[in-house]
Amino acid sequence: MQKLLLFFCLPILFTACSDKSLITINSVFLKDIHNDSISIRAIAIDSNELWFAGNNGKYGAIDLVTQKKFRGRIAKDSLHPEFRSIAKTKEAIFVLSVANPGLLYKISKDKTVVKLVYHEVDEKVFYDSMQFLDDSFGVAMGDPVLDCLNIIITHDGGNSWQKIPCEKLPKVTEGEAAFAASNTNVILRGSKIFIVSGGKKARCFVSEDKGITWQVYETPIVQGKAMTGIFTADFYNEKIGFIAGGDYEKQEANIDNKAITNDGGKTWKLVGRNEGFGYASCVQFVPKSDGKSLVCVGGTGIHFSNDSGVTWKKLAKDNDLYTLRFLNDSIAYAAGKNRVVELRFRE
């Protein structure tokens with residue numbers, strides 16, 4: 001049975017970028033649309049379908065109009081992979097497993113064909129995130145196998161993938177890696193690739209030519225320990241971006257865990273110190289908000305900001321949601337421990 005939860009909160013203001021008018025939101029409705037024994041950190045909205053991928057080889061799709069559900073399961077020999085990355089093109093859905101062996105599958109939109117398109121064996125393989133820019137170009141990234149981040153790209157819609165050699169990538173520092181928290185470590189906007197790291201260092205890697213050359217920029221996010229750093233990022237456009245994270249072992253700590261850029265990741269400014277959420281699993285810009293409105297899910301609940309992250313309102317206490325994507329400026333979908341949830345923001 002679906003659960004319908006209503007959380008009342010203080011009035012929240014969304015900024016409409018078209019005419020600068022303010023819309024007052026007084027409540028958010030959370031409705032479970034899928035329940036299963038599954039941990040989901042990767043979702044993608046494709047037209048009227050929401051696709052998800054999780055642990056134990058499980059993936060599926062939910063028709064957002066009819067609520068009809070499809071469930072699939074992938075096995076490689078006796079292994080059921082854990083999927084924490086998902087991406088889409090016009091023709092297919094792609095799911096990528098997190099650990100050794102790295103397995104990347106292409107799934108046809110009619111759900112009849114599942115094909116392995118990339119296979120990587122190494123005890124250090126740990127893929128964190130994947131995204132397509134269009135129907136041809138896509139990027140997946142993971143923790144270092146050698147002395148650079150592990151990055152693979154495709155130019156043919158995901159049918160074949162090539163690893164970028166370490167000599168063409170910035171070197172990582174010892175203890176620098178990434179977190180497969182919500183499939184938000186890599187973001188593609190225009191010709192730019194943005195990748196964020198965590199651990200002993202929390203930095204932003206930027207390519208302005210689709211991976212040919214790279215620059216790396218420091219961020220002020222808390223770092224220095226294995227479970228600190230940037231866990232999630234989103235870019236509203238090629239200039240405005242937001243990063244969040246914190247200390248996974250101190251989930252209530254909300255100092256130095258949020259920062260914003262207005263110059264494409266070159267410089268970052270801390271915001272929301274002692275405000276809002278602590279540990280962040282996923283942050284997303286609200287569509288049509290002029291890059292000012294954000295929603296975050298994580299270990300301290302669901303939070304919202306309409307002033308570029310300076311101040312935050314808590315919408316709900318739910319701390320079992322790991323990842324979030326918007327359908328439009330008033331409806332979003334989130335997933336996490338054993339569920340997929342629809343969020344409707346109301347006046």
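Colleague: Is Arg-344 buried, partly exposed or exposed?

Modeller: Arg-344 counts as partly exposed, at 31% relative accessibility. Buried means under 20% relative accessible area, exposed means over 50%, and partly exposed is in between (1.4 Å probe, protein chains only). One caution: this is a predicted model, where local features need pLDDT of at least 70, side-chain atom pairs count only at pLDDT 80 or more, and totals for chains, interfaces and linings use all residues. Residues are numbered from 1 along each chain as its sequence is written, and side-chain values use heavy atoms, with hydrogens and water left out.

Colleague: Which side chain does Arg-344 meet in a salt bridge?

Modeller: Side chains of opposite charge can pair when their charged atoms come close. A salt bridge here is a side-chain nitrogen of Lys or Arg within 4 Å of a carboxyl oxygen of Asp or Glu. Arg-344 meets Glu-342 that way, at 2.9 Å, N to O, and Glu-342 is buried, at 6%.

Colleague: How many salt bridges does a search of the whole structure find?

Modeller: It finds 14. Take Asp-318 and Arg-339, at 2.8 Å from N to O. Asp-318 sits in the loop between β27 (313-316) and β28 (321-326) and Arg-339 in strand β29 (residues 331-346), so the pair ties together parts 21 residues apart in sequence. Strands are DSSP runs (E, at least two residues), numbered from the N terminus.

Colleague: Are Asp-318 and Arg-339 buried or exposed?

Modeller: Asp-318 is buried, at 13%, and Arg-339 is buried too, at 12%.

Technical notes
Helices (H or I, at least four residues) and strands (E, at least two) are DSSP runs, numbered from the N terminus.
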